[in-house]
Amino acid sequence: MNEAPVSCLPTHPKMSRAKKVIEEAKEIQNPELDLADKGITTFEEMPGLFNMLSITRLTLSHNKIRVVPPGLANLVNLEILNLFNNQIEELPTSLSSMPKLRIFNVGMNRLNSLPRGFGAFPVLEVLDLTYNNLDESSLPGNFFMLETLRALYLGDNDFEVLPPEIGLLKNLQILVLRENDLIELPKEIGELTRLRELHIQANRLTVLPPEIGNLDLVGNKSVVKMDFNPWVNPKADQLQVGICSIMNGYNTIDK
């Protein structure tokens with residue numbers, strides 16, 4: 001009795017899982033494609049993805065992707081792109097030309113820099129760069145031209161200073177800078193008049209610029225987190241009383 005030949009070809013069960021999801025999405029014309037936690041390492045494991053021009057949401061979080069090809073920008077109707085928790089070291093410049101991208105999450109990766117022209121996204125509202133290796137030298141010259149940005153997450157990076165151009169983000173409502181190495185904040189932060197959430201905890205801040213008193217951060221819907229900084233007195237004492245004590249102190253001085 002002859003035994004069946006043993007195949008030496010490797011099997012890729014996780015690759016077939018990704019392929020299956022793509023095929024099902026095509027079949028039912030689902031505009032939202034969820035490929036989270038599929039063990040994906042390259043875009044080659046997702047055949048036909050770049051031809052799915054109608055998709056509006058692509059989730060590739062919790063995979064092992066290292067390289068993002070420029071062709072991803074072909075998905076011209078994409079509004080939400082989630083690449084959280086991969087192994088991405090750089091991004092292609094082409095992404096910033098995506099005409100409808102509103103939410104871009106590339107947190108928990110290995111980014112040391114952002115590509116030239118990154119600030120050209122026409123309608124980007126939420127940008128999450130948390131848990132990377134970015135600092136002030138990582139940002140391209142036009143980064144702060146993202147005028148449509150409402151939320152910027154830069155926590156758990158390596159920033160020592162924040163460029164004064166931060167004041168150009170006039171529509172910013174949420175700014176997260178926790179767990180960096182910030183030694184000061186620029187006075188231009190006082191120009192972010194729509195800001196309602198500021199997270200600056202766990203840095204190396206000792207003082208705040210007086211211009212921060214221009215911000216409305218003491219209302220019921222506002223969130224300010226400043227703990228775990230080496231504040232000098234009287235800021236350290238005021239922090240014991242509460243955030244409002246600090247902010248009111250600036251408001252009293254400046255107004």
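**Note on a predicted model: core, sheet and salt bridges**

1. **The core.** The largest nonpolar core has 66 residues. Leu58, Phe104 and Leu175 have the most contacts inside this core. Helix 1, residues 13–28, gives the most to the core, with 4 residues. In soluble globular proteins, nonpolar side chains tend to be buried together. Keep in mind that this is a predicted model.

2. **The overall plan.** How many helices and strands does the protein have? There are 3 helices and 9 strands. Read along the sequence, the pattern is α-β-β-β-β-β-β-β-β-β-α-α. Trace this pattern on the structure before you look at single residues.

3. The 9 strands of the open sheet have the order 1-2-3-4-5-6-7-8-9, and the pairing is parallel. Which strands are at the edges? They are strand 1 (32–34) and strand 9 (223–225), and each pairs on one side only. Neighbouring strands of the sheet are turned by 5° against each other on average, with direction ignored. Strands of a sheet pair through backbone hydrogen bonds, either parallel or antiparallel.

4. Look at strand 6 (residues 151–153) and strand 7 (residues 174–176). They pair in the parallel sense over 3 bridges. Leucine 152 stands opposite leucine 175 in strand 7.

5. **Leucine 175 in detail.** This residue is one of those with the most contacts inside the largest nonpolar core. What does leucine 175 touch, not counting residues up to four places away in sequence? The list is Leu152, Leu162, Ile166, Ile189, Leu192, Leu195, Glu197, Leu198 and His199.

6. **Burial and surface.** Of the 255 residues of the protein, 46% count as buried. The protein exposes about 13100 Å². Carbon and sulfur atoms supply 51% of that area.

7. **Contacts along the chain.** Take the contacts between residues at least 6 apart in sequence. Of these, 42% join residues at least 24 apart.

8. A search of the whole structure finds 6 salt bridges. Glutamate 125 is partly exposed, with a relative accessible area of 22%. Arginine 150 is also partly exposed, with 34%.

9. **Salt bridges: aspartate 156 and arginine 178.** These side chains meet in a salt bridge at 3.2 Å, N to O. Aspartate 156 lies in the loop between strand 6 and strand 7, and arginine 178 in the loop between strand 7 and strand 8 (197–199), so the pair ties together parts that are 22 residues apart in sequence. Is aspartate 156 buried or exposed? Aspartate 156 counts as buried, because its relative accessible area is 18% and buried means under 20%. Arginine 178 counts as partly exposed, at 26% relative accessibility.

10. **Salt bridges: lysine 170 and glutamate 191.** The side chains of lysine 170 and glutamate 191 meet in a salt bridge at 3.4 Å, N to O. Why does this pair tie together parts that are 21 residues apart in sequence? Because lysine 170 lies in the loop between strand 6 and strand 7, while glutamate 191 lies in the loop between strand 7 and strand 8. Lysine 170 counts as partly exposed, at 41% relative accessibility. Glutamate 191 counts as partly exposed too, at 38%.

11. **Asparagine 214.** Find asparagine 214 in the loop between strand 8 and strand 9. Asparagine 214 counts as partly exposed, at 41% relative accessibility. Asparagine 214 and leucine 192 are 22 residues apart in sequence. In space they are 8.6 Å apart, C-alpha to C-alpha.

12. **Methionine 145.** Methionine 145 has its place in the loop between strand 5 and strand 6. At 47% relative accessibility, methionine 145 counts as partly exposed. How far apart are the C-alpha atoms of methionine 145 and isoleucine 166? They are separated by 9.4 Å, and the residues are 21 apart along the chain.

Key
Residues numbered from 1 in each chain as written. Predicted model: local features only at pLDDT ≥ 70, side-chain atom pairs only at ≥ 80, totals over all residues. Heavy atoms only, no water. Pairing = 2+ DSSP bridges. Helix = DSSP H or I, 4+ residues; strand = E, 2+ residues; numbered from the N terminus. Axes fitted to C-alpha atoms, helices over the stretch in contact; angles between N-to-C directions. Buried < 20%, exposed > 50% of the residue type's maximum accessible area, 1.4 Å probe, protein only. Contact = heavy atoms within 4.5 Å. Areas by Shrake-Rupley, 256 points an atom, 1.4 Å probe, with all protein chains shown as cover. Salt bridge = Lys/Arg side-chain N within 4 Å of Asp/Glu carboxyl O. Core = buried A, V, L, I, M, F, W, Y, C linked by side-chain atoms within 4.5 Å.
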